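Grab a pencil and work through these exercises with the model open beside you. Try each task before you read its solution.

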There are 2 protein chains.
Amino acid sequence: MVLANTYHLYLRPGIAVIEKMGGLHKFMAWDRAILTDSGGYQVFSLAPLRQVSDDGVIFRSHIDGSQHFITPELVIQFQEALGADIIMVLDECPSHDDSLEKVRRAMERTHRWAERCQKAQRCNDQALYAIVQGGISSQLRHQSAEYLTSLGFAGYAIGGLSIGEPKQVTLDITEVTAALLPKNKPRYLMGVGSPEDLLEGIARGIDIFDSALPTRVARNGAVFTGQGRHNIRNAAYSQMEQPVDSDCDCYTCRTFSTAYLHHLFSCNELLAYRLATIHNLNFINNLMSKARTAILNDTFSSFKDSFLSGYKTTDEQIRLSQKQKRLRARNINGDSNL
Amino acid sequence: MVLANTYHLYLRPGIAVIEKMGGLHKFMAWDRAILTDSGGYQVFSLAPLRQVSDDGVIFRSHIDGSQHFITPELVIQFQEALGADIIMVLDECPSHDDSLEKVRRAMERTHRWAERCQKAQRCNDQALYAIVQGGISSQLRHQSAEYLTSLGFAGYAIGGLSIGEPKQVTLDITEVTAALLPKNKPRYLMGVGSPEDLLEGIARGIDIFDSALPTRVARNGAVFTGQGRHNIRNAAYSQMEQPVDSDCDCYTCRTFSTAYLHHLFSCNELLAYRLATIHNLNFINNLMSKARTAILNDTFSSFKDSFLSGYKTTDEQIRLSQKQKRLRARNINGDSNL
């Protein structure tokens, strides 16, 4: 599935342009599934200024500073015009270090907005997902899951995680929240995408993930292998004849040596970003495919243990400080792909 | 055919790396024809400092300032290690505004170097091409063509044109020089690649061209059509449903609207550069294919007139000042893709 973002598309090229071009599938020539995020997360993380009320959010564009006003109803209208297969409610996203009281108020507003989004829906061929908020409080997550479940949505997302809190907290809150959501509906953990986190999420009942991580780190030269993430820019790879990942069947690994990829990155050739991206997406697709098979064979737990025992993850202190640095840089630059 | 450059590959990743990886074809996974330029042009246009003697050229890398010495023999040795199908002699390239005397001395040195390159050749499965110099002097071009022809090469290139002189001069000197070269050997006009120049070159007997222009202008958003070059960044294209070129059968035109390409360029999406490049290369390939068919049908002259009557070319004053500006910027930045 491809995820597209309503906030970005609203600002550029504009919802009306895509509608005129026949919708998002046709615009980007993608005939498989698309999910559009509501833009809530981007409004709260990218827009330099914003003013939230129960009505909606006034915000300034991170591109040109122009002022805009969105409401739950508008966000549904936009997503119906874009025509994705799965669409998301507008939610209010607090920071990971906001007070419990602030997190509670954001959650309650998210609930009122979810109800309005549900009522605003006109097309019946799009699946509308709610977003559970409540920060790192099990109690709030419980309230949020219960309330949104009572409204009845096509699927349920867990928002407000993986935004700078420690990884163990992400996993614990995911576990608590996922257990409260209907087992017969898709459960979607937003913004999570490293190989180890995918498996940990699946182990806790998650069905859907989204993340820019595999493509973002690819553009920085980091490629996934069964042993961990390697940086292709490292001088050690300058004369390596083997592909990036000998176990991989992707176009990049079937066709080129690691030395060639290293060379392309050294010269900042555009092809470098594409080849590394192809590999990382293939790696993630294969990992998810293997996880599905393991679930069907009732061997998921041993599959996960076996993968994780071979896969060296980034040190948690380093990961967390990089993540927080990136979130700060993003707030300054407004580049959600950072 | 793909052109690769010995100067660039010598500096990064180094000739030995490519040799170790099984040669250039294997390194870049391209099993069709490759031509390597000797690097003469780059040494004279990119290297920030150089010292030429009959022995060879001492130059500094435009990347890290390191000092290097190349000779005609080394350049052949490098190209044999790279393993291209067509290889080029080392030549000395004067500027378009150098004195006649300087141009003559460069030509004479180019002749001595061509002879040494010929003697240095060890592999008999690569076609070695000579490069005719002589600036914009018909007399010198005559001498150069005659001398190099007497040595007997697999093909003959015309160097030292399209480097900042007026277009009519390029065409006139091409015409004079091409007429002096053997009709049974490929005649190659170096550094020429706009649609109109290709047809003008073919009309004057040229068989082979090379140019970064179609891909470079694509990355700047300029796409070829039968009516001329259009800049996709222009706001007029923001809502155009038609493809970039309705007559085109390339992947980009078959798949996407002009509005989509415009959007990708507006957002600096990497896909923009790729899609525009695919279109421009396809346009040039189709143009050359049509020219070949017209030659075989003995209708080239009317084909050329018909194409040129519909194709709006860039104003010559603007073209020339842009070209000279680009050459100056390149000398400062060392980016041969500018």
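**Exercise 1.** Find which loop of chain A holds A:Asn268, and check its phi.

*Solution.* Start with the elements: A:Asn268 sits in the loop between α12 (258-266) and α13 (270-296) of chain A. Helices here are DSSP runs of H or I with at least four residues, strands are runs of E with at least two, and both are numbered from the N terminus. Now the backbone: phi of A:Asn268 is near 55°, a positive value in a residue other than glycine.

A word on the ground rules. This is a predicted model, where local features need pLDDT of at least 70 and side-chain atom pairs count only at pLDDT 80 or more, while totals for chains, interfaces and linings use all residues. Residues are numbered from 1 along each chain as its sequence is written, chains are lettered from A and ligands numbered from 1 in the order in which they are written, and side-chain values use heavy atoms, leaving out hydrogens and water.

**Exercise 2.** Is the peptide bond from B:Arg12 to B:Pro13 cis or trans?

*Solution.* Look at omega: it is near 5°, and the bond is cis. Then turn to chain A, where the bond from A:Arg12 to A:Pro13 is cis, with omega near 5°.

**Exercise 3.** Describe how chain B and chain A meet.

*Solution.* First, count residues: 29 from chain B and 29 from chain A take part in the contact (heavy atoms within 4.5 Å). Second, compare the two sides: 100% of the interface residues of chain B are also interface residues in chain A, so the copies meet through the same surface. Third, look for charge pairs: there are zero salt bridges between the chains (a side-chain nitrogen of Lys or Arg within 4 Å of a carboxyl oxygen of Asp or Glu). Elements giving two or more residues to chain B's side are α2 (15-20), α3 (24-27), α12 (258-266) and α13 (270-296).
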